[in-house]
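User: I would like to learn how to read the features of a structure, one at a time. Please take me through this one.

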Amino acid sequence: MSVLDDVLRANEKYAAGFGAKGELALPPASGFAILTCMDARLDPAKYAGLSEGDAHVIRNAGGRASDDAIRSLVISYKLLGTSEWFVIHHTNCGMEFFTNQVMGDLLAQSLETAELGPDGFHDVGAGPGSPVGKEIDWLTIAHREQAVVDDVDRIRNHPLVPGRIPIYGFVYDVATGKLLEVPAATEAGKALVAAGQSG
Ligand SMILES: [Zn+2]
């Protein structure tokens, strides 16, 4: 049984019980957005209690405030009315285990999957690789809490993000399922003007 078959079978079951979800409105009912990591151990619907139609969830490697993540957040408020945002990184994130230099070198050697050992990622696959990986900023994480602060800060100070939107910073603990606030991030992301005012 292939992954493709598994997914299609699961979808058939899901669609069979779809019920009234076909009438959900386009704007998220709970009025908020989450930017979080793509890590398979994180399920924002479960850790934040979401159902279909509730919230925007933007995911990438690390949950970083990349240009593309900010593109989605701007659409999220400007066209779909979200008014509170969360940046949620997590413990044991793979983005802490390499640097731009390491990733560039790994890709330059081989396009096969690298292995993670106690001393970090190393290549076991055959070449050739490509040097193009050296030109990309992989947005790796050197310090967990600081990365949340940096991302909240970057969103807060973006010219297309209105000051009325509060941005909360959290780390999700993969060992307990708990959301741990990063107070310095939430402080950096606090609303600059009261809701309802312009700015
Ligand atoms: Zn991660």
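**Reading the chain**

Analyst: Read along the sequence, the elements follow the pattern α-β-α-β-α-β-α-β-β-α-β-β-α. This is a predicted model, in which local features need pLDDT of at least 70, side-chain atom pairs count only at pLDDT 80 or more, and totals for chains, interfaces and linings use all residues. Residues are numbered from 1 along each chain as its sequence is written, and side-chain values use heavy atoms, with hydrogens and water left out.

User: How many helices and strands does the chain have, and how are they defined?

Analyst: Helices (H or I, at least four residues) and strands (E, at least two) are DSSP runs, numbered from the N terminus. Here the chain has six helices and seven strands. Its C-alpha atoms fill a box of roughly 55 × 45 × 35 Å, taken along the principal axes.

User: What share of the contacts joins residues 24 or more positions apart?

Analyst: A contact means heavy atoms within 4.5 Å. Of the contacts in the chain with a separation of 6 or more, 63% are between residues 24 or more positions apart.

User: Which residues coordinate the zinc ion?

Analyst: Donors are N, O and S atoms within 2.8 Å of the metal (3.2 Å for Na, K and Ca); water is not among the atoms, so sites may look incomplete. In this model the zinc ion is coordinated by Cys37 (SG), His90 (NE2) and Cys93 (SG), at 2.0 to 2.3 Å. The donor residues are spaced C-x52-H-x2-C in sequence. Distant parts of the chain are linked in this way: Cys37 is in strand E1 (residues 32-37) and His90 in strand E3 (residues 84-90), 53 residues apart.

User: Are Cys37 and His90 buried or exposed?

Analyst: Buried means under 20% relative accessible area, exposed over 50%, and partly exposed in between (1.4 Å probe, protein chains only). Cys37 has a relative accessible area of 4%, so Cys37 is buried. His90 is at 0% relative accessibility and also counts as buried. In the chain as a whole, buried residues make up 35% of the 199 residues.

User: Where should I look for backbone angles to check?

Analyst: Start with phi. Asn92, in the loop between E3 and helix H4 (100-109), has phi near 60°, a positive value in a residue other than glycine. Asn92 is partly exposed, with a relative accessible area of 37%. Leu139 has a positive phi too, near 55°, and lies in the loop between E5 and H5. At 30% relative accessibility, Leu139 is partly exposed. For omega, the peptide bond from Gly127 to Pro128 is cis, with omega near 0°. Pro128 is in the loop between strand E5 (120-122) and helix H5 (144-156).

User: What lines the largest pocket, and what is its volume?

Analyst: On a 1 Å grid over the protein atoms alone, a pocket is an open set of points where a 1.4 Å probe fits, with protein on both sides within 12 Å along at least five of seven lines; lining residues have an atom within 4 Å of a point. Grid points are joined across faces, edges and corners, and a volume is the space filled by probe spheres set on the points. The largest pocket has a volume of about 230 Å³. Its lining has 15 residues, of which Met38, Asn60, Ala61, Gly62 and Met95 lie nearest the centre.

User: Which element gives the most to the lining of the second largest pocket?

Analyst: Helix H4 does, with three residues. The second largest pocket has a volume of about 180 Å³, and its lining includes Phe98, Met103, Leu106 and Phe121.
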